[in-house]
Amino acid sequence: MNNTERTNEQNQTLLAIDELVKFAFDKQMIKVADLDYARNMLLSKFRFDEPYDANVPLLASVDQGEPADSPQPMIDTILDYAYSIGMLPENTDTYRDLMDAEIMGVLMARPSEVTADFFDTLDREGIESATDQFYQLSINSNYIRMDRIAKNVYWKQPSSYGDLEMTINLSKPEKTSAEIAQAKLLPPPSYPKCLLCRENVGYAGRINHPARQNLRVVPLMLSGEAWFLQYSPYVYYNEHCIVFHHDHVPMQLTKQTLRRLLDFVGEFPHYFLGSNADLPIVGGSILTHDHFQGGRHTFPIEKAAVEQTYRHETREDITLELVNWPMSVIRLRAFNDTLLLEAANDIYEAWKVYSDAEVDILASTPDADGNPVRHNTVTPIVRRRGEQYEMDLVLRNNRTNEQHPDGIFHPHREMHHIKRENIGLIEVMGLAILPGRLKDELDQIGSILTGNTALLDELRTTADHKLAHHLEWAEHMVTQYGTELEQEAATLTIQDEVGRKFAEILEHAGVYKKDETGRAAFQRFLESTGYQLNHK
């Protein structure tokens, strides 16, 4: 088939293939020797026998014109064509993403080559250059979908604890109802066991598991054990990375956990690293595979002002501080990471068995068979300040009661219309990750404040309205702000209301409340571990 016999759609697809190969070369994902191979692989995939112009060598054209900023326009053209010839069962994000990863996987070096490049850059230019290069590869390969992340709603929320960071997450694609129904018919996945397993690298995916042909990971050694570093495809903040265990082993929080966190920031001093708590309700979304989250971002918790300083007679090299934060944070600082580890572990072990019924803290309660069920744990976060190590231990408790069946120290039910999910590591640090459903819901609630009183009437009279869970909140705002706001004012008002609710949600998650009773109880715990308030 020559150029004149092709349809316009075929020509556009062939041009997109050439441009995509040129993009990969420009971004140093492939080398000169890979150009013809990569193009031929894509031509074969999409049932073409020859390129757009077989008389022009690809190498001769790679330097022509400005390189694309993103692979997405070329990928979209190719995927549209794939759907038109029946290669995609449905033209949905789920099926497009499965093929997207396959396409980009063709244009990437093998995992061993990526690892070699990482450590070569580390040896020549240092760890920051190595992570810069690896992070950019994850973006260029479309593993991190920057086009979707750019759609996230973001604002800063002033509070008595400093500026909190607010996001509505729109970067994770939602499945259609048909895809959800189809996924339910599939057997539970046994390979890979979860989204964090190393076996995901290169995996083609399926309707209930994302494709990962464009995923690459870097091996690490933490406290003498094999771990891996990768970046999150949804980057909630700058260089959002995930450090995960070589094996599919459950989350646990021990002295070794704290040691690994310190080891990591010793090797990656420009990154923080933290762990979700290891218990339900206060833990992360994946408790079946041990992992941490880190990155290059200064969170609001790090900027929190110091409220009190404590001293310990036998730990003179340790600084212990309480900071102005809605959750209960013990900040430890030391130049010696081994001394810091011992101090942190002693506090953690003491907290695991500590009870104070006056403030609803019980270390354990009996299950139906009378066996004790532990409730106390911590969310640890480690960072470097120059040569000094700093560790935050955020005290957590996952107990429930009749009044708060979802968790005493969990977003209370009056907050569930905004957020009912666990408060994990990222939100502990002051970055709200609110569900994508809120974007449209908040826009509609905001329309009430600009005069859409008909919608308010619908909410009042329709019990099963999709916005019914916001009715009480909407009534409150109409009373306070009226229904004649300009659009921009309504948007800012809604954001401020949501931001103040997030601060309150964090207060719910704090085991020691920010009142006289809570402060006294917090001091009792610290005194039980040998620390005394420094009155100097």
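Visitor: With which side chain does the side chain of Ser84 make a polar contact?

Guide: The partner is the side chain of Glu9, at 3.2 Å. A polar contact is a pair of N or O atoms within 3.5 Å; within protein, one must be able to donate a hydrogen and the other to accept it, and residues adjacent in sequence count only if both atoms are side-chain atoms. Please note that this is a predicted model, in which local features need pLDDT of at least 70, side-chain atom pairs count only at pLDDT 80 or more, and totals for chains, interfaces and linings use all residues. Residues are numbered from 1 along each chain as its sequence is written, and side-chain values use heavy atoms, with hydrogens and water left out.

Visitor: Where is the place of Ser84?

Guide: Ser84 belongs to helix H4, residues 72–84. Helices (H or I, at least four residues) and strands (E, at least two) are DSSP runs, numbered from the N terminus. Ser84 counts as partly exposed because its relative accessibility is 43%; buried means under 20% relative accessible area, exposed over 50%, and partly exposed in between (1.4 Å probe, protein chains only).

Visitor: What separates the C-alpha atoms of Ser84 and Glu342?

Guide: Those C-alpha atoms lie 62 Å from each other, and the two residues are 258 apart along the chain.

Visitor: Turning to helices, at what angle do H2 and H5 pack?

Guide: Helix H2 (residues 35–45) and helix H5 (residues 93–106) pack at about 150 degrees, and their axes are 9 Å apart. This angle makes H2 roughly antiparallel to H5. Axes are lines fitted to C-alpha atoms, for helices over the stretch in contact, and angles run from 0 to 180 degrees between N-to-C directions. Angles under 35 degrees count as roughly parallel, over 145 as roughly antiparallel, 65 to 115 as roughly perpendicular and the rest as oblique.

Visitor: Which residues meet there?

Guide: From H2 come Ala38, Met41, Leu42 and Lys45, and from H5 come Met99, Glu102, Ile103 and Val106. Contact means heavy atoms within 4.5 Å. By class, six of the residues are nonpolar, none is polar and two are charged. Ala, Val, Leu, Ile, Met, Phe, Trp, Tyr, Cys and Pro count as nonpolar, Asp, Glu, Lys and Arg as charged, and the others, Gly among them, as polar.

Visitor: Now the sheets. In what order do the strands of the three-stranded one run?

Guide: The order is E1-E2-E15, in an open sheet of mixed pairing. Two strands pair if DSSP finds at least two bridges between them. Strands E1 (153–157) and E15 (431–434) are at the edges, each pairing on one side only. From one strand to the next, the twist averages 20 degrees.

Visitor: Which helix packs on that sheet?

Guide: Helix H17 (residues 487–509) does, touching E1, E2 and E15, and its direction makes about 70 degrees with that of E1. Within the sheet, E1 and strand E2 (residues 164–168) are antiparallel partners over five bridges, and Trp155 faces Met166 in E2.

Visitor: And how many strands are in the sheet that includes E3?

Guide: That open sheet has eleven strands, ordered E3-E4-E5-E7-E6-E13-E14-E10-E9-E8-E16, with antiparallel pairing. E3 and strand E16 (531–533) each have a single partner strand, so one side of each lacks a neighbour in the sheet.

Visitor: What joins E3 to E4?

Guide: Five bridges join strand E3 (residues 218–222) to E4 in the antiparallel sense, and Leu222 has Glu225 in E4 as its bridge partner. The two strands form a hairpin with two residues between them. Strand E4 (residues 225–231) is mostly covered, with five of its seven residues buried.

Visitor: What is the phi of Ser223?

Guide: Phi of Ser223 is near 55 degrees, a positive value in a residue other than glycine. Ile281 also has a positive phi, of about 75 degrees, and lies in the loop between E6 and strand E7 (291–295).

Visitor: Finally, which peptide bond is cis?

Guide: The bond from Tyr191 to Pro192 is cis, with omega near -20 degrees. Pro192 sits in the loop between helix H9 (177–185) and E3. Most residues other than glycine have a negative phi, and most peptide bonds are trans.
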